[in-house]
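Dear colleague,

Please find below the structure that I am handing over to you, together with its sequence. My findings follow directly after it.

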Amino acid sequence: MTSAANPAPLWQPDPDRIAAARITRFQAWAAERHGAPAEGGYAALHRWSVDELETFWQAVADWFDVRFSTPYERVLANSAMPGAQWFPGATLNYAEHALRTAEDPSRAHDVALLYVDETHEPTPISWSELRRQVGALAAELRALGVRPGDRVSGYLPNIPQAVTALLATAAVGAVWTSCAPDFGARSVLDRFQQVEPVVLFTVDGYRYGGKVHDRTETVAELRRELPTLRAVIHIPLLGTEAPEGALDWSAVTSHDTEPVFEQVPFDHPLWVLYSSGTTGLPKAIVQSQGGILLEHFKQLGLHCDLGPEDRFFWYTSTGWMMWNFLVSGLLTGTTVVLYDGSPGYPDTGAQWRIAERTEATLFGTSAAYVMACRKAGVHPARDHDLSRIKCVATTGSPLPPDGFRWLHDEVADDLWIASVSGGTDVCSCFAGAVPTLPVHIGELQAACLGTDLQSWDPQGKPVIDEVGELVVTNPMPSMPIRFWNDPDGSRYRDSYFEMFPGVWRHGDWITITDRGSVVIHGRSDSTLNRQGVRMGSADIYEAVERLPEIRESLVIGLEEPDGGYWMPLFVHLVEGAALDDDLRDRITRTIREQLSPRHVPDDIIEVPGVPHTLTGKRIEVPVKRLLQGTPMSKAVNPGSVDNLDLLRFYEALARNRS
């Protein structure tokens, strides 16, 4: 799946757009102040950013006017991975920077948060009101005895109160962690029990898909099973009274209190995120106040080109790192759009309607949503005024070429399409959006600044225009400072540094083209390796799911004890479709002609559905383990799966095969 030598781009920014991009202004400024190359465009800037790593990150801190309350001794005291030491001696506060716009009298009454629920009626919250609420809540947290380093948890949907709670937690120097309320009690406890929170923010329920979902019983169970809690704060989203012993949201945010921002070391923990954790407990990933601050300034202010005039909408929940990333839009003075509800209610085009109603300039969604819109015959530009959108960004899985074409044809022919790829592990992107570069179909534009992204063969040699392991050979400030409950760091090292010591191996297959663009092929731990020829599962999905009868698919490659290799393709069909000989033939022909005769599946099997992690990723490795005969209890953590019953189909299939 390498690209032709010089294919025509799908989109090319015009000279005015390139000149106006913040990354262009940053490069000119960094050339004058820090020795960055003035010529050579993005490629030269990127090369400098990885060759002169310390100077680059110093330039980012200067450009975005990071407030160090005590100065740093140097930018990078130790560049080892793991164990990099960034900005030792420095103190700062993430929340102070997120609320800085409120200090500007000319902007204090502008909109900081724009909240939308399934009624699609936007509710604005001003910068001054957000700052006031954070000040009041931070004071209440301190009064409850919350101190720097304590954990504060949220069982909350994507609502303004969740943003206030995160910022108040960071202001105090405590450590935030959250789960979405569609997570069941076991999933939440698998996460929160690891970090032992002292405060829990909860809702009584939420609305999704036009229905009300009561969560009072789940909240009661969380309270029983989290013995470290000192306080529970109740947000009455459905209008109920606070349960006995819980504080009411309005009571803890009613005061007019100036926020006090605890000045903490650069590497002080900001939040804990969780890996999908399909086997064993989810990894509890700890990222730092300073590391996230700098990484998100770079990512949002330079790569996403966000500023005070923008409105930033990304469809996400509080259980996914993209929510944390979305909240960081406040750092650039941008209005952040929060949507709480189903991505497809009342119809598949719902997210485009929200983008129109909120006048979003950057609209982020999943590749799966784009492909669902294409399949459902949605026409965004015909049905909605999307003239404010400058960029549509996608993540979660690779955006197939057909998705690029559909966005170009159905949203705007002058549309910047940013397919991005990173991970919860760094709460950022390794590759993706660059406002000054062309967009090629099926490709991410380039590796991100400060990220020495490479594709390595099994011997650890970099390859170009060939599929290899995604590695990062230099530290990034937002890499985890540690995992929670991993005192000797062994779980952290095993997760990223076992294959190539001292080099971050992420677990994705990628191709880096000779133009510097990037193609993602899917997870390397679920790669299809047929007769020595590797192919990413994402390539199969892209081809097969073009067929109108197929809603979703799952492909697994099994090495068998006798040396054989069994490669079944599981298909979830749309209503009314049948897996007859004609459809089987078309699936086989599609894979043979578009991909490779070697990767035609041995069996095509209809399934009742494809299982996903709670953040929407297809579950491949646990299904592979089930098919190899691993018991369900060892193959998967049940609290990490969206529908455990679907896995029982694969378990039964394994029994029938043996």
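**Findings**

R74 is partly exposed, with a relative accessible area of 41%; here buried means under 20% relative accessible area, exposed over 50%, and partly exposed in between (1.4 Å probe, protein chains only). Please note that this is a predicted model, in which local features need pLDDT of at least 70 and side-chain atom pairs count only at pLDDT 80 or more, while totals for chains, interfaces and linings use all residues. Residues are numbered from 1 along each chain as its sequence is written, and side-chain values use heavy atoms, with hydrogens and water left out.

**Salt bridges**

The side chain of R74 meets that of E54 in a salt bridge, at 2.4 Å from N to O. The term salt bridge stands for a side-chain nitrogen of Lys or Arg within 4 Å of a carboxyl oxygen of Asp or Glu. E54 belongs to helix α4 (residues 53-63) and R74 to the loop between α4 and β1 (76-78), so this pair ties together parts that are 20 residues apart in sequence. Helices (H or I, at least four residues) and strands (E, at least two) are DSSP runs, numbered from the N terminus. E54 is also partly exposed, at a relative accessible area of 27%.

A further salt bridge is formed by the side chains of R67 and E96, at 3.1 Å from N to O. R67 lies in the loop between α4 and β1, and E96 in helix α5 (residues 94-98), so the pair ties together parts that are 29 residues apart in sequence. R67 counts as partly exposed at 28% relative accessibility, whereas E96 is buried, with a relative accessible area of 13%.

R382 and D383 also form a salt bridge, their closest N and O atoms being 2.9 Å apart. R382 counts as exposed, at 62% relative accessibility. D383 counts as partly exposed, at 43%. The structure holds 27 salt bridges.

**Strand β4 and its partners**

Strand β4 (residues 111-116) is mostly covered, with five of its six residues buried. β4 is joined by four bridges to strand β5 (residues 123-126), and the two run antiparallel; strands are taken to pair if DSSP finds at least two bridges between them. Within this pairing, V111 has S126 of β5 as its bridge partner. Six residues separate β4 and β5, which form a hairpin, and H120 in the turn has a positive phi of about 65°.

Four bridges also join β4 to strand β17 (residues 335-339), and here the strands run parallel. In that pairing, L114 stands opposite V337 of β17.

**Helix α8**

E196 follows α8 and has a positive phi, near 55°.

**The loop at G377**

G377 is located in the loop between α14 (367-376) and α15 (380-383). At 40% relative accessibility, G377 counts as partly exposed. Its C-alpha atom is separated by 9.2 Å from that of T348, which is 29 residues apart from G377 along the chain.

**The protein as a whole**

The protein has 22 helices and 35 strands. Its radius of gyration is 24 Å, close to the 26 Å that the globule rule gives for 658 residues, so the protein is as compact as a globular protein of that length. The radius is taken over C-alpha atoms, and the globule rule is 2.2 Å times the number of residues to the power 0.38. Along the principal axes, the C-alpha atoms fill a box of roughly 70 × 60 × 55 Å.

Of the 658 residues, 60% count as buried. Among contacts with a separation of 6 or more, 70% are between residues 24 or more positions apart. The accessible surface comes to about 24,500 Å², of which 48% belongs to carbon and sulfur atoms; accessible areas come from the Shrake-Rupley method with a 1.4 Å probe, and for residues only the protein chains shown count as cover.

Yours sincerely

Methods
Contact means heavy atoms within 4.5 Å.
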